[in-house]
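I set down here what I looked up in the structure, entry by entry.

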Amino acid sequence: MKKKHAQNEPRALKFLTAVSSAEYSKLTLQLGSLIASVFDAHLGVVYVGEKANEFHGTSVNLTRQNLDTWNIIHPGMEVLEWALGELKKLNSENKDLAKITFNPDHVYEEDGRVRVILPNEKGSRVELILREGELVNELRKEIQLEAYDLAIIGGSQNKRHLAHSLIQYLPSSILVLQKFKPRKKYKLLLLVDDSKATAKSVEWGAMIAKKLNWPVRTLTVSKTKRFGSGYQGAADMAKEYFDSRGIEIEQFFLTGDPVRTFVDFAGDDHFVIMGASTLNPVKQLFFGSKPIQTLKQSDVPILIVR
Amino acid sequence: MHISADMIYWVQRKRWLLIAFALGAVFYLFVPSPAGLSIEAYHILIIIMMTLILILKEPIPLPAIALQLIFWQVIIGGSTPNEVGSYFMSDAVFFIMGSLMLAVAIVSQGLDKRLALGIIRITGNKTWRIVAGFTAISAILSSFVGPHMITAMMLPVALTLIRFTPKSAKSTVGLTSALLFSIAYGATIGSIGTPSGGGRNVIMMNYWVEFGSGSLSYLEWIKMVYPMVLIEIPLTILIIIKTFPPEMQILDTAVRRLSVEVAHAGKISAREIFSIILFAAVLLGWISLSEKYGIGSIALIGVFLFMAFGLVNWKDISTNVNWGVILLFGATISIGVQMKNTGGAAWLAGLSVELLQGIIPDIDTLRAVVSVALSGIMSNFLSSSATVAVAGPIVLNLGGDPILLGLSSVIASAFGYFTAVAAPACTIIYASGLVKAPDFLRAGWKMAIMSIASLTLLSLLWWPLFR
């Protein structure tokens with residue numbers, strides 16, 4: 001069930017970053033924080049741990065309660081505590097965030113998840129959530145519950161076998177960090193076609209490019225030599241939008257298999273933005289979609305906009 | 001019809017439920033019962049097949065799996081609701097319920113700090129002695145009170161030692177694994193030692209009585225099985241130390257800091273002493289009165305006394321006990337009894353003997369191999385208690401001595417060393433996040449070989465003295 005928002009209150013974007021450990025999630029959190037700052041968005045940080053076998057649920061819960069009395073906290077709480085520390089470092093100018101402290105005892109259990117209650121959290125725009133279960137299912141529930149606009153997944157969660165489920169079942173836009181290097185100067189590659197999500201991709205791409213000062217390329221791929229009016233119109237619209245924001249772009253029109261062409265063009269120095277598929281879910285399940293195939297075949301960060 | 005992504009998602013999440021029920025429907029409607037198997041028994045086996053798929057893949061919660069076991073028995077199993085109900089609650093289920101409740105009562109007393117101090121006084125600060133101490137104490141205590149309670153009490157001690165080690169987590173991976181596995185494997189090998197060491201032991205005792213196969217008293221069980229625990233303790237210590245060589249030979253600082261931490265608990269309180277006395281009384285009751293009153297009833301008397309004296313409140317018990325598991329064991333035992341009553345268990349037992357007779361001509365060896373292999377393999381995927389509930393009736397229908405075969409089966413069901421799901425102690429250390437799934441494989445195969453060898457020795461050299 002989605003939480004209701006006051007009708008006249010302008011709704012800030014909400015992004016969700018999935019973290020798994022201090023060792024593997026540093027870059028994910030770094031980019032999550034960066035992208036959230038680009039959009040001035042709220043940032044939720046979620047740790048999804050493995051759920052204990054239900055047969056032994058009593059024993060595991062009992063042990064956890066006993067560990068509490070020894071001041072040994074849930075491994076997921078340790079990761080969330082680390083994440084808060086990292087976010088403070090990354091957003092040192094955020095005074096509200098700097099003030100808040102982590103207390104593993106101050107938690108609220110609701111809707112099958114544990115939310116860390118952060119004192120003075122009003123201006124900090126950060127939420128810390130602990131969930132247990134299968135990754136895609138828990139992310140889906142969290143996104144539905146809090147109406148997140150974007151899920152940022154990377155590090156150890158970036159598993160190719162999950163690509164299909166992540167893209168097909170998460171009801172938000174998705175940013176998958178593949179081999180993301182924070183010091184690398186990426187070129188933003190925007191895939192433009194006649195899908196509904198192209199307009200939003202262009203809008204988001206422009207915000208990211210402007211803030212991060214990344215050069216922008218748009219790529220339109222047709223299977224035949226003829227580019228239909230839908231493709232041409234979308235490319236024109238993108239150019240117009242970027243021009244209106246004073247961002248220079250390079251436009252490319254290529255012919256061939258779309259996914260193969262995207263992947264070859266992206267190489268290893270692009271940050272790809274593309275719209276989510278509008279194929280019907282049954283076809284996506286059996287045959288995949290352009291975003292699913294692109295994510296499976298490429299080695300660069302991909303933002304799929306829904 | 002418009003198919004939404006949500007519908008596809010539901011189907012994807014529930015595919016094993018759909019597959020289980022579809023397979024069940026195909027067998028029920030289109031595949032005739034095999035020769036020699038009654039139609040009632042065939043339907044019970046179909047229900048068991050569906051249930052095993054559901055337990056393995058968990059597309060629905062365990063309590064829901066239990067409920068479908070009940071209604072299928074009534075709808076296609078040919079049983080009346082009262083029949084199913086009558087097998088549902090037994091002394092074994094009383095015991096499982098009582099032992100989970102007792103675990104909540106005991107763990108909440110804070111006795112683990114006393115335990116920690118006691119262990120450290122005995123072992124000192126040498127790492128190998130601490131690993132040995134953890135293994136031996138976990139095995140001995142778990143043999144009487146069950147592995148779940150002991151692991152819940154021992155894990156904080158181990159994690160505190162690890163936390164107080166003046167080295168980074170990355171440079172103490174071996175030490176961490178050695179300490180955690182000493183608790184998990186120690187508690188697991190111990191859990192076969194007495195009937196109260198685990199729910200599966202009591203399920204088998206229940207089957208012996210229910211099927212008219214004889215019985216074993218608490219002390220007789222100890223006489224027959226405890227030597228195996230004693231053989232396995234030193235071998236387990238050796239396996240753990242060799243598989244996970246600790247990076248530090250002495251844990252001087254960690255032990256000192258743990259002693260200081262534990263000392264904060266102060267002197268032992270009257271409440272703690274009374275809890276120990278109550279639990280000792282329950283143990284005595286199990287040893288001396290369980291034949292007359294049942295091991296489950298005595299566990300419930302213990303829970304009653306803990307509640308009556310205000311040592312634990314109902315809210316803590318009801319919150320911490322997984323009632324779904326109790327429901328599932330009740331349902332699994334009822335289907336196990338139906339499998340025996342309808343002749344399904346005998347048919348499966350006969351089939352396995354027939355299939356393997358070409359490979360193992362000696363019938364006694366064959367029976368022993370079937371009982372051990374069936375339980376040993378199944379327990380790595382199901383829980384050990386569910387394994388015995390399902391495999392027990394088959395094993396007891398193999399022919400030969402049902403007590404010895406039953407004991408072999410129960411002991412083998414504790415060989416769930418390879419995965420984190422098999423034994424509660426393994427699940428608990430896995431949930432700490434400090435050991436990984438491959439660690440169970442690294443040590444598990446050695447533990448399995450050692451355990452099979454120990455069981456073989458026991459059955460060839462020790463059991464003939466009694467039967």
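**Entry 1: parallel strands in chain A.** I began with strand 9 (residues 216-222) and strand 10 (residues 249-255) of chain A, which pair in the parallel sense over seven bridges. I take two strands as paired if DSSP finds at least two bridges between them. Opposite A:Leu219 I found A:Phe252 in strand 10 of chain A. Strand 9, helix 8 (residues 229-244) and strand 10 of chain A make up a β-α-β unit that is right-handed; that is, with the strands pointing away from the viewer, the path from the first strand over the helix to the second runs clockwise. Helices (H or I, at least four residues) and strands (E, at least two) are DSSP runs, numbered from the N terminus.

**Basis.** I note that this is a predicted model, in which local features need pLDDT of at least 70 and side-chain atom pairs count only at pLDDT 80 or more, while totals for chains, interfaces and linings use all residues. Residues are numbered from 1 along each chain as its sequence is written, and chains are lettered from A and ligands numbered from 1 in the order in which they are written.

**Entry 2: antiparallel strands in chain A.** I then followed strand 4 (residues 113-116) of chain A. Four bridges join strand 4 of chain A in the antiparallel sense to strand 3 (residues 107-110) of chain A, with A:Tyr108 opposite A:Arg115. These two strands form a hairpin with two residues between them, and A:Asp111 in the turn has a positive phi of about 50 degrees. Strand 4 of chain A also pairs with strand 5 (residues 126-132) of chain A, antiparallel over three bridges; there A:Val114 has A:Leu130 as its bridge partner.

**Entry 3: helix 13 of chain B.** Which residues of helix 13 of chain B are buried? I found B:Ala254, B:Val255 and B:Leu258, where buried requires 20 or more other C-beta atoms, placed from the backbone, within 10 Å of the residue's own, exposed 12 or fewer, and partly exposed lies in between. They lie on the same side of helix 13 of chain B, because they cover an arc of only 95 degrees around the axis, taken from the directions from the helix axis to the C-beta atoms. B:Asp252, B:Val260 and B:Ala263, on the other side, are exposed. Helix 7 (112-123) and helix 9 (147-163) of chain B are among what covers the buried residues.

**Entry 4: the interface.** I counted 37 residues of chain B in contact (C-beta atoms, placed from the backbone, within 7 Å) with 24 residues of chain A. Helix 9 of chain B gives the most to this side of chain B, with eight residues.

Conventions
Contact = placed C-beta atoms within 7 Å.
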